[in-house]
Amino acid sequence: ENNLQRGPRCRSTLRALYHSRSSSLAMPLCYMNHHTVVVSSAGRFDRPGVGRAGVTVRTPLAASHPRRRSSVISTRSTGTSTSTSVTRVAKGAMLSAVAAERSEAPTALSLPYRVGHGWDLHRLEEGYPLIIGGIEIPHVVGCVAHSDGDVLLHTVVDAILGALCLPDIGQLFPDNDPKWKGASSDVFLKEAVRLMLERDYIIGNIDCTIIAQKPKLSPHKETIRDNLCKLLEAHPSVVNIKAKTHEKVDSLGENRSIACHAVVMLIRKDML
């Protein structure tokens, strides 16, 4: 702030630099050191040496830029034209920095491990089948849904898509698309597995918890797990199915709905 008292030419130069910033950059930090102007788009001060009777403009690229460096442009202009010249040079350098950053957009990281979480809930009503993990379970009520309402497979699909940082199941298979009306959820899971394998990942392990007051799922858990293993192309030792009641609390405990949680870890194939 003290540097702003050095004279009207310094103040006008600083204002011109401030107002010439690109809207795509963060607000630059500027300061004056005699006849030296420093503009930082990375939010960091970088004090250069003082040039004789000239103006130096530094526009560092953002700190996250892979080729971080400072572009230094010196002018020897004097008099009233200095502010305009510096403004043009600074604006051009800053726009060049933005263009360089945009041209090198980040690509998806090939992480060794990825973790995803999935959750789903469906209402239960009479007149619908209860399908869990691709297996129809005898019960007086079933899931109300656009597709077959398989709460377990929907949850697993979302867990895998989440681990891959992809859109969720509702975006890939919208419930207002007639194509998916009454569709088997096997189709959704097979697509999620295809996307997973396409990116060179496999199932490290997956843990699923089904929450339903009725029916008792213990007699069906092994059958459900075997079918889930086939769909995931995974060994049974890395697939776990648990079932819990909701202690007669809210819609889950009153047998008006069914829910499921799942956590999955994906491992890159070359890590095995």
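Modeller: Happy to! Let's start with Phe173, Trp180 and Phe188, which form one aromatic cluster in this predicted model. A search of the whole structure finds three aromatic pairs. In one of them, the ring centres of Phe173 and Phe188 are 4.5 Å apart and the planes lie at 35°, so this pair is tilted. Phe173 sits in the loop between α4 (169-172) and α5, while Phe188 belongs to helix α5, so their pairing ties together parts that are 15 residues apart in sequence. Both Phe173 and Phe188 are buried. Phe188 also pairs with Trp180, this time edge-to-face, with 5.6 Å from centre to centre and 75° between the planes. Trp180 is buried as well.

Now follow Phe188 to another partner, His154, whose contacts beyond four places in sequence include Phe188, Ser185 and Ile169. Asp120, His122, Ser147, Asp148 and Gly149 are also among the contacts of His154. You will find His154 in helix α3 (residues 151-163). With a relative accessible area of 8%, His154 is under the 20% cut-off and therefore counts as buried.

Finally, go back to helix α5 (residues 186-198): its axis and that of helix α6 (residues 221-232) come within 9 Å and cross at roughly 45°. The two helices are therefore oblique to each other. On the α5 side, Asp186, Leu189, Lys190 and Val193 make the contact, meeting Leu228, Leu231 and Leu232 in α6. Sorted by class, that contact has five nonpolar residues, two charged ones and no polar ones.

Key. Residues are numbered from 1 along each chain as its sequence is written. This is a predicted model: local features need pLDDT of at least 70, side-chain atom pairs count only at pLDDT 80 or more; totals for chains, interfaces and linings use all residues. Side-chain values use heavy atoms; hydrogens and water are left out. Axes are lines fitted to C-alpha atoms, for helices over the stretch in contact, and angles run from 0 to 180 degrees between N-to-C directions. Helices (H or I, at least four residues) and strands (E, at least two) are DSSP runs, numbered from the N terminus. Angles under 35 degrees count as roughly parallel, over 145 as roughly antiparallel, 65 to 115 as roughly perpendicular and the rest as oblique. Contact means heavy atoms within 4.5 Å. Ala, Val, Leu, Ile, Met, Phe, Trp, Tyr, Cys and Pro count as nonpolar, Asp, Glu, Lys and Arg as charged, and the others, Gly among them, as polar. Buried means under 20% relative accessible area, exposed over 50%, partly exposed in between (1.4 Å probe, protein chains only). Rings of Phe, Tyr and Trp (its six-membered ring) pair if their centres lie within 6.5 Å; planes under 30 degrees apart count as stacked, over 60 as edge-to-face and the rest as tilted.
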